[in-house]
Amino acid sequence: MKYVARAADGTPLLGDDDGFVPLNAADPALETVEDALTQAPDGLPDPADATAERVAADDLAFGFPLDQPGKLWGIGLNYADHAEDLDEVRPEEPASFIKPPSVAAGPDTPIRLPPMDVTDRVTAEAELGVVLGRTCSNVPEDDFESVVAGFVPIIDMTSEDILERNPRFLTRAKSFDTFLVAGPYIAVPENVSEFLDQVAVRTVVNDEVVSENTLYGMLFKPPELLNYLSQSTTFQPGDVISTGTPGAGVIEDGDTARAEVEPIADLETDVVRQ
């Protein structure tokens, strides 16, 4: 499996399990992460052939993995167990929302909780993110692999007390700065179907597993979500669909939140109160 990333200083990176190189050292024609995403469905260069030495992931600081965040779609109540925990009726169609690019943060940036007088109950939710690599619309489920570049761990945040006041406040409850953390890198598997069969998602707060599930627990699998959303939206390279969480954990100042999305590396970040 290959990986696309951005270092904390903004340098686009290409890697595998043996380490990372600057993206343009692997292919001078690839200058941005979005360039790599566009090429990903057809295959990325081998980092071993790059004109630079590889650096281990543990020796790098990673930022948000996209140069320019595009559309950030979220899916609610997509795990049957989570819907039952919330005493919600299972949706007959995917429950979706969209977040502005200003929410985007990488592993190098802490989650910044708003002041207590704005919101006093925020939850963190681990999710699998699907990253698009092609401009596309009305995508049949069978064409999923031809337009998807890769997959990324995500921690999505919700201000639950704002949402509880009125469900029409969903956009505000989801859209505070740093309320979507992604990284450390985008995984580009050789076989997408085999990759999805291996995925397990865990929400972890302060090293305690809050909830976990596999994609078999989803009501709508990633190809179904893309098919549904692309009927009304044209997707571009770098757009992301965050596919829903198996469960949420309340976070407070001083906590650590982690999304464990196998078989990709864990995404972990600190929580601070503004």
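Does T178 count as buried or exposed, judged by its relative accessibility?

Author: T178 counts as buried, because its relative accessibility is 4%; buried means under 20% relative accessible area, exposed over 50%, and partly exposed in between, with a 1.4 Å probe and protein chains only. The model is a predicted one, in which local features need pLDDT of at least 70 and side-chain atom pairs count only at pLDDT 80 or more, while totals for chains, interfaces and linings use all residues. Residues are numbered from 1 along each chain as its sequence is written, and side-chain values use heavy atoms, with hydrogens and water left out.

T178 belongs to the loop that runs between α6 (170-174) and β10. Helices (H or I, at least four residues) and strands (E, at least two) are DSSP runs numbered from the N terminus. The backbone at T178 has a positive phi of about 70°, although the residue is not a glycine.

The peptide bond from G183 to P184 is cis, with omega near 0°. Another cis peptide bond joins E262 and P263, where omega is about 5°. P263 lies in the loop between β16 (256-262) and β17 (267-273).

N206 also has a positive phi in a residue other than glycine, here near 50°. N206 sits in the loop between β12 and β13, and its relative accessible area of 43% is the reason why it is classed as partly exposed. The two strands, β12 (residues 200-205) and β13 (residues 208-214), pair in the antiparallel sense over six bridges; two strands pair if DSSP finds at least two bridges between them. Their hairpin has two residues between the strands. Opposite R202 stands E212 of β13. As a rule, side chains in a regular strand alternate between the two faces of the sheet.

T119 occupies the loop between β7 (111-113) and β8 (122-132). With a relative accessibility of 0%, T119 is therefore buried. Its side chain and that of S159 are joined by a polar contact of 2.5 Å; such a contact is a pair of N or O atoms within 3.5 Å, where within protein one must be able to donate a hydrogen and the other to accept it, and residues adjacent in sequence count only if both atoms are side-chain atoms. Not counting residues up to four places away in sequence, T119 touches P114, S159, D161, I162 and R273, contact being heavy atoms within 4.5 Å.

D239 is placed in the loop between α8 (222-229) and β14 (240-242). Its relative accessible area is 3%, so D239 is buried. A polar contact of 2.7 Å links the side chain of D239 to the side chain of K71. With neighbours within four places in sequence left aside, the residues in contact with D239 are G70, K71, V130, V131, L132 and T234. D239 and G133 are 106 residues apart along the chain, yet 8.1 Å separates their C-alpha atoms.

The largest nonpolar core has 54 residues, and F151 and I251 have the most contacts inside it; a nonpolar core is a set of buried Ala, Val, Leu, Ile, Met, Phe, Trp, Tyr and Cys residues joined through side-chain atoms within 4.5 Å. To this core β8 gives the most, namely six residues. A second, separate core has 26 residues, among them V4, A40, V131 and V188. Outside four places in sequence, the residues that F151 touches include L128, V130, F144, Y185, I186, F195 and I264.

Finally, the whole protein. Its secondary structure comes to eight helices and 17 strands. The radius of gyration is 18 Å, close to the 19 Å that the globule rule gives for 274 residues, so the protein is as compact as a globular protein of that length; the radius is taken over C-alpha atoms, and the rule is 2.2 Å times the number of residues to the power 0.38. Along its principal axes the C-alpha trace spans about 55 × 40 × 30 Å. Of the 274 residues, 53% are buried, as T178 is. Of the contacts between residues at least 6 apart in sequence, 75% join residues at least 24 apart.
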